[in-house]
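Trainee: Could we go through this one together? I would like to learn how the labels are decided.
Mentor: Happy to, let's take a look.
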Amino acid sequence: MKSKKNCSIIFIISVFFIVFQISGCGSEGSLYDTSTASITIETSSNSVEADDRSSVTITATVTDVSGSLVPTGTPVNFSTTMGRFSNGSQFITVETIGNSEGANFGTVSVSLISSTEYGTAEVTIESLGVTQFAYINFTAPLVPGYPATISLVTASESITSDAFTTLTATVLDKFGEVGLLGIPITFTTTIGAFGNGQTSETAVITTTAGTASVVLFGNGESGTAIVNAVSEGIPSNTVIVTITAAETTETTTETTTETTTETTTETTITTTTTVPRDTTTTTTVP
């Protein structure tokens, strides 16, 4: 009996020691070093039609401080500003998976389903105190009459700070056709200003060629203007316009005073009149 009692005491002490060690680790910090753990994000596409049914798969791979994949069952939280996940909510928590042999994959995948609203969904992925982001564009359905591509060009790639250039966006539908009259295009720039005095201006397609134009002014600034355009959630290519400082022209006014000295010459004309001398005749009387 005494031997069994001693064994029970030893077992209880051992269990207490193990629990104490685990508790001690928890009190000092997480099992993983959250300051150096990382999350790698992959998406099946950067854009999806805003039709309330199309979806994009987002995959997160989570590693710990040593660079190893985290254990199976590690929670990863997803949230989005637009659309919804498979649970019908804008927030979902998924645990990492492994295989039957105990290997850790350290990955999770979720499906983001589009809404009918055009725009960009910002998806936040968080695990182990580390946060990453993914951005998915919800675009207009690719059907005739809706924008599919936008080509942006500039009349000049370099202007001075006191000059301007014209930017033109051409919008095509999925069949490469134009004529999308009345569709708005929003232009943005990092420096300089458009005709409205702002760094963003919206123009409407008014030509059968499917184009809309805005004017970018140097606005007294210098640097690199990064210009983009977007229509119905469809982004254009990026155009770079270099703005350089205008040359300063110094005008010097020289005043010359010319003094003219007028010399007056007085001419004296002397006229000499010669009077004939009288002739006297003398007569001598004897």
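Mentor: Let's start with a term: buried means under 20% relative accessible area, exposed means over 50%, and partly exposed lies in between (1.4 Å probe, protein chains only). This is a predicted model, where local features need pLDDT of at least 70, side-chain atom pairs count only at pLDDT 80 or more, and totals for chains, interfaces and linings use all residues. Residues are numbered from 1 along each chain as its sequence is written, and side-chain values use heavy atoms, with hydrogens and water left out.

Trainee: Why is Leu128 called buried?
Mentor: Its relative accessibility is 16%, which is under the 20% limit, so Leu128 counts as buried.

Trainee: And why does Asp52 count as partly exposed?
Mentor: Asp52 has 37% relative accessibility, and that falls between 20% and 50%, so partly exposed is the label.

Trainee: Where is Asp52, and where is Leu128?
Mentor: Asp52 is in the loop between strands S2 (47-49) and S3 (55-63), while Leu128 is in the loop between strands S8 (119-127) and S9 (130-139). Strands are DSSP runs of E, at least two residues, numbered from the N terminus.

Trainee: What is the phi of each?
Mentor: Phi is near 70° for Asp52 and near 60° for Leu128. Most residues other than glycine have a negative phi.

Trainee: What makes S14 and S16 a pair?
Mentor: Two strands pair if DSSP finds at least two bridges between them. S14 and S16 (residues 211-217) have 2 bridges, in the antiparallel sense, so they pair. Ala193 stands opposite Phe217 in S16.

Technical notes
Helices (H or I, at least four residues) and strands (E, at least two) are DSSP runs, numbered from the N terminus.
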